Amino acid sequence: MTMQDNFSSSLRRLATGTAVAMVTLSLSACAGQQGRKELTTGSVPKLTRPVQSMNATELAAAAERIGQAYERNPKDREAGLNYANLLRMTGRNEQALAVMQQVAIYHPADREVLGAYGKAQAAAGQLEQALATISRAQTPDRPDWKLKSAEGAILDQLGRSAEARLRYREALDLKPNEPSVLSNLGMSYLLTKDLRTAETYLKSAASQPDAGSSVRQNLALAVGLQGRFQEAETIARQELTSEQAEANVAYLRSMLSQQGAWKQLAKAD
C-alpha cells in the first residue's frame with residue numbers, strides 16, 4: 001500500500017494562510033485506505049489472494065468479478081456490500097453509493113448495511129446524510145465501536161472536532177486501544193494543528209500489536225509536519241518492500257513540501 005493509496009480515499013485540506021496539510025480519517029473497521037479488510041463471505045466469488053495485498057489492477061479486476069455477481073442478483077446482501085466496498089477502494093465513490101442505496105432498500109434494518117451505506121455517502125461527499133444514516137445504524141442497547149469511530153470521522157470532516165473526539169473516546173470505551181480509533185483521534189488533533197497531541201495518540205496507535213501500515217504512515221506525517229523529516233522517513237519505510245517504501249517516502253516528501261505547510265503548522269502550534 002503506498003502513501004498515496006493511504007490518503008486518496010479521504011483527503012481534507014487544513015489551511016492557515018498558505019499552509020495546507022493533507023490528512024486521512026478512517027471510516028472503516030480498520031485504519032487505512034477505505035479499510036482494506038477481508039470481503040464478506042457468502043455467495044460472492046472467492047478471491048485468490050487477500051484484498052490487502054492487491055494492487056490497483058487486481059482490485060479493479062476483483063470489482064468487475066464481484067460486480068457481475070451483484071448484477072445477477074441485486075438482492076444479494078453480501079455481493080452488494082463487497083461490490084460497494086471494492087468500488088470505494090478503486091475510487092468510484094458515486095457508483096459505490098448507488099449500489100449501497102439499492103442494498104439499503106432491500107435490507108433497510110440491517111445495521112451493517114446502514115453502516116456501509118453511511119460510509120459510501122461520506123466517501124461521496126454527502127457528510128450530513130452520512131451522519132444521519134450511521135446514527136440510525138447505532139442502537140443504545142448494542143453500541144458499535146466501528147460506527148462510533150465512523151461518526152467521529154464524519155464529524156471531523158464537518159469541522160466539529162469536539163463532538164468527533166467524544167465519539168472516538170466512546171469507541172475506545174467499547175474497544176480499548178483499538179489502533180484505528182486511536183489513529184483517528186490523533187488525526188483529529190492534527191486537523192486542528194495540535195501536532196504534539198496528534199503525535200502522542202498516533203504513537204499509541206502505532207504501538208498496538210495489530211496496527212496497520214496506514215497508522216504508521218499517519219504517524220510519519222505528524223512527525224514530518226513538526227520538521228523531523230529523517231524520523232518521519234524512517235517510520236514511513238517500516239514493514240514495507242523497498243518499492244513501497246520509496247513510494248511512501250516520495251509521497252510524504254511531496255506533501256511536506258507543499259507551500260511550507262509544516263513550518264506554518266509548527267508556528268501555529
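This is a short tour of a predicted model, stop by stop. Residues are numbered from 1 along each chain as its sequence is written, and side-chain values use heavy atoms, with hydrogens and water left out. Local features need pLDDT of at least 70, side-chain atom pairs count only at pLDDT 80 or more, and totals for chains, interfaces and linings use all residues.

Start by colouring the chain by pLDDT, the predictor's confidence in each residue, from 0 to 100. The chain has a mean pLDDT of 80, and 75% of its residues reach 70 or more. Select residues 1-23, where the pLDDT is below 50. Then select residues 29-38, where pLDDT also stays under 50. Where pLDDT is low, the predicted coordinates should not be read in detail.

Next, select Tyr70 and Tyr83, an aromatic pair with 5.7 Å centre to centre and 35° between the planes. Aromatic rings pair if their centres lie within 6.5 Å; planes under 30 degrees apart count as stacked, over 60 as edge-to-face and the rest as tilted. This pair is tilted. Tyr70 lies in helix α2 (residues 56-72) and Tyr83 in helix α3 (residues 77-89), so the pair ties together parts 13 residues apart in sequence.

Last, select helix α10 (residues 195-206) and helix α11 (residues 213-224), whose axes come within 9 Å and cross at roughly 150°. α10 is therefore roughly antiparallel to α11 (angles over 145 degrees count as such). Show the side chains in contact (heavy atoms within 4.5 Å): Glu199, Leu202, Lys203, Ala205 and Ala206 of α10 meet Val215, Arg216, Asn218, Leu219, Ala222 and Val223 of α11.

Key: Axes are lines fitted to C-alpha atoms, for helices over the stretch in contact, and angles run from 0 to 180 degrees between N-to-C directions. Helices (H or I, at least four residues) and strands (E, at least two) are DSSP runs, numbered from the N terminus. Angles under 35 degrees count as roughly parallel, over 145 as roughly antiparallel, 65 to 115 as roughly perpendicular and the rest as oblique. Rings of Phe, Tyr and Trp (its six-membered ring) pair if their centres lie within 6.5 Å; planes under 30 degrees apart count as stacked, over 60 as edge-to-face and the rest as tilted.
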